[in-house]
Amino acid sequence: MINIKRVICKTPMTVDYFTEDGLIKQIGLTKDYWDKVVIKEYDEDVFDLVNAIAQRNKAKCFDIYFRIFQKEKDIVNIIASVASQLRILYNVKVLSQKRLSVDSIAKILKVKSGAVSIALNNCGNFSEKKLLYLLNELADIDYKTKSGQAPNSDIIFKTFLMSI
C-alpha cells in the first residue's frame with residue numbers, strides 16, 4: 001500500500017501540485033485509486049451526517065455537511081439523501097418495536113444488516129415523533145426549494161441542522 005503522506009512529503013511541489021489532478025499526477029496514483037482510498041464516497045458522507053444528526057453533534061454535522069457540499073453542490077440531492085437515511089432510521093425504529101431481528105428488518109427494508117445495526121443504535125436517540133418531525137422539516141425544505149419559495153436553500157438546510 002502506498003504511504004501517501006510519505007510520498008507527498010518527498011515530492012517536489014509545482015504550481016499545479018495542490019489541485020487534485022496535479023497531486024495525483026505528482027505522486028503517481030491512478031484516478032480510481034485516489035477516489036477509492038483518499039476521497040470519501042458521497043453515500044458514506046451522508047451516512048456519517050445522519051449519524052452526527054442522531055448524536056446531535058452540531059459541529060460534526062456542519063463539518064460533514066461542508067464536505068458533502070463541496071462534492072455535491074445540488075442541495076436538493078443532499079436533502080433527499082439525508083431524508084432517505086432518516087426514513088430508514090424511522091422504519092428501523094418501528095420494526096424493532098415489533099421485535100423483529102436485525103436480519104429480518106434488513107430484508108424488509110432491503111438494506112445491509114450492518115446499516116440496520118447502526119440505525120438501531122441511533123434510533124434510540126429519537127422518539128418516533130421527533131423522527132417524523134425531522135422528515136416533515138426536510139420535506140418542507142425540499143418543497144420550498146423546488147417551488148422557488150426558498151431562494152437560499154443552503155441557509156434553510158443549515159438552520160435545520162441547528163435545530164437538531
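Analyst: This is a predicted model. Asp142 and Lys146 both belong to helix 9 (residues 128-146), where they are four residues apart and thus separated by about one helical turn. The two residues form a salt bridge, and their closest N and O atoms are 3.2 Å apart.

User: Is Asp142 buried or exposed, and what is the relative accessible area of Lys146?

Analyst: Buried means a relative accessible area under 20%, and exposed means over 50%. Asp142 has 19% and is therefore buried. Lys146 is exposed, because its relative accessible area is 58%.

User: How many salt bridges does a search of the whole structure find, and which residues are joined into one network?

Analyst: A salt bridge requires a side-chain nitrogen of Lys or Arg within 4 Å of a carboxyl oxygen of Asp or Glu. A search of the whole structure on this basis finds five. Some of the salt bridges share partners, and these join into one network the residues Asp45, Arg67 and Lys71.

User: How many residues apart in sequence are the parts that Asp45 and Arg67 tie together?

Analyst: Asp45 and Arg67 form a salt bridge in which the closest N and O atoms are 3.1 Å apart. Asp45 counts as buried at 0% relative accessibility, while Arg67 counts as partly exposed at 26%. Because Asp45 lies in helix 4 (residues 42-54) and Arg67 in helix 5 (residues 58-71), the pair ties together parts whose separation in sequence is 22 residues.

User: Are helix 6 and helix 8 roughly parallel or roughly perpendicular to each other?

Analyst: Two packed helices are described by the angle between their axes and the distance between the axes. Helix 6 (residues 75-96) packs against helix 8 (residues 113-123) with the axes 9 Å apart and at an angle of about 85 degrees. Angles of 65 to 115 degrees count as roughly perpendicular. Helix 6 and helix 8 are therefore roughly perpendicular.

User: Which residues of helix 8 are met by those of helix 6, and how do the residues of this contact divide by type?

Analyst: From helix 6, the contact involves Leu89, Val92, Lys93 and Ser96, which meet Val116, Ala119, Leu120, Asn122 and Cys123 of helix 8. By type, the residues of this contact divide into six nonpolar, two polar and one charged.

User: How many aromatic pairs does the search find, and are the rings of Tyr65 and Phe157 stacked or tilted?

Analyst: The search of the whole structure finds five aromatic pairs. In the pair of Tyr65 and Phe157, the ring centres are 5.2 Å apart and the planes stand at 40 degrees. Planes under 30 degrees apart count as stacked and those over 60 as edge-to-face, with the rest counting as tilted. The pair of Tyr65 and Phe157 is therefore tilted.

User: Which residues do ring pairs link into a cluster?

Analyst: Tyr65 lies in helix 5 and Phe157 in helix 10, so this pair ties together parts that are 92 residues apart in sequence. Tyr65 counts as buried at 0% relative accessibility, and Phe157 is buried with a relative accessible area of 0%. The cluster linked by ring pairs consists of Phe62, Tyr65, Phe66, Phe69, Phe157 and Phe160.

How values were computed. Residues are numbered from 1 along each chain as its sequence is written. This is a predicted model: local features need pLDDT of at least 70, side-chain atom pairs count only at pLDDT 80 or more; totals for chains, interfaces and linings use all residues. Side-chain values use heavy atoms; hydrogens and water are left out. Helices (H or I, at least four residues) and strands (E, at least two) are DSSP runs, numbered from the N terminus. Buried means under 20% relative accessible area, exposed over 50%, partly exposed in between (1.4 Å probe, protein chains only). Axes are lines fitted to C-alpha atoms, for helices over the stretch in contact, and angles run from 0 to 180 degrees between N-to-C directions. Angles under 35 degrees count as roughly parallel, over 145 as roughly antiparallel, 65 to 115 as roughly perpendicular and the rest as oblique. Contact means heavy atoms within 4.5 Å. Ala, Val, Leu, Ile, Met, Phe, Trp, Tyr, Cys and Pro count as nonpolar, Asp, Glu, Lys and Arg as charged, and the others, Gly among them, as polar. Rings of Phe, Tyr and Trp (its six-membered ring) pair if their centres lie within 6.5 Å; planes under 30 degrees apart count as stacked, over 60 as edge-to-face and the rest as tilted.
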